[in-house]
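Q: I am new to reading folds. Can we go through this one feature by feature?

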Amino acid sequence: MSGLHIPIGTPDGSRTEHAENLLAPNPSAMTLDGTNTWVIGAGDEVIVVDPGPDDQAHLSRVRDRLGERRVTTILLTHGHFDHSGGARRFARMVDAPVRALDPRHRLGDEGLGDGDVVTVGGLEIHVYGTPGHSFDSLCFWLPADRAMLTGDTVLGRGTTIIARDGGLADYLRSLDRLRAAAESLDAQALLPGHGPVLPDPIGALDGYIAHRRERLDQIRAARAQGARTPREIVKIVYADVDRSLWPAAEMSVVAQLDYLDSP
Ligand SMILES: [Zn+2]
């Protein structure tokens with residue numbers, strides 16, 4: 001669907017001083033309200049983070065929203081299609097390069113990785129490597145707003161999944177790292193890839209870390225009850241979760257079994 005119907009009460013238009021969210025119209029159980037496309041900038045230059053799926057109406061809306069401002073760079077939090085699918089088309093529309101950790105998603109010469117600092121209109125964006133949800137997940141710290149863009153590493157509601165190209169050990173390390181960064185940097189907001197802005201970064205990250213530990217305990221318990229296959233474990237551990245999410249839950253269980261069984 002490529003209409004521009006945006007229901008009231010969604011994260012569309014949510015913002016901090018220098019970052020604004022334009023919600024893509026791709027809601028689903030996995031993408032919540034849809035993908036958040038973040039426009040970050042000061043003055044007449046902006047960076048666009050995650051153009052979203054390949055949806056001409058959404059991409060045109062983002063471009064129109066820029067007015068006279070110029071896109072210097074497009075950044076990707078990771079390569080999953082709901083964030084990156086429209087990147088090439090948008091890059092052509094605004095004549096800007098695409099920078100991502102995964103070379104397959106880049107357009108232009110520049111890569112992107114942990115420790116990089118990207119500047120736009122006098123603002124800095126500091127890149128944190130946060131693998132786990134996917135192998136190529138990055139978070140972007142915006143010091144001017146004391147805000148961290150978290151992609152799918154932390155969502156505005158619920159919890160994220162560990163995709164086939166991610167890993168739980170990495171993910172837990174990334175959450176710990178983000179927790180430490182949020183504390184030392186005095187972060188005031190998490191700007192997620194889906195769902196609303198989180199105004200309590202440490203609370204949100206503590207919740208995520210506790211949730212992961214709890215799920216691991218539940219999986220150990222399910223195994224102790226005799227559950228063996230990922231599917232059997234999902235039926236026990238995710239009994240309270242909507243069935244449409246069970247395939248994703250099964251992927252998460254596989255990741256957790258890998259983690260529990262790795263030496
Ligand atoms: Zn996503």
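Q: How do the strands of a sheet pair, and in what order do they lie here?
A: Strands of a sheet pair through backbone hydrogen bonds, either parallel or antiparallel. In this predicted model, 5 strands form an open sheet with mixed pairing, in the order β6-β7-β8-β9-β10. Strands are DSSP runs of E, at least two residues; helices are runs of H or I, at least four; both are numbered from the N terminus. Two strands pair if DSSP finds at least two bridges between them.

Q: Which are the edge strands?
A: β6 (117-120) and β10 (189-192), as each pairs on one side only.

Q: How many bridges join β7 to β8?
A: There are 4, between residues 123-129 and residues 138-142, and the two strands run antiparallel.

Q: At what angle do α5 and α6 cross?
A: Axes are lines fitted to C-alpha atoms, for helices over the stretch in contact; angles run from 0 to 180 degrees between N-to-C directions. The axes of α5 (residues 201-224) and α6 (residues 230-237) come within 10 Å and cross at roughly 115 degrees. They are therefore roughly perpendicular (65 to 115 degrees).

Q: Which residues make that contact?
A: R215, Q218, I219, A222 and R223 of α5 meet I233, I236 and V237 of α6.

Q: What pLDDT does the chain average?
A: pLDDT is the predictor's confidence in each residue, from 0 to 100. The chain averages 93, but residues 1-8 stay under 50.

Q: What conventions apply?
A: Residues are numbered from 1 along each chain as its sequence is written. Local features need pLDDT of at least 70, side-chain atom pairs count only at pLDDT 80 or more, totals for chains, interfaces and linings use all residues, and side-chain values use heavy atoms, leaving out hydrogens and water.

Methods: Angles under 35 degrees count as roughly parallel, over 145 as roughly antiparallel, 65 to 115 as roughly perpendicular and the rest as oblique. Contact means heavy atoms within 4.5 Å.
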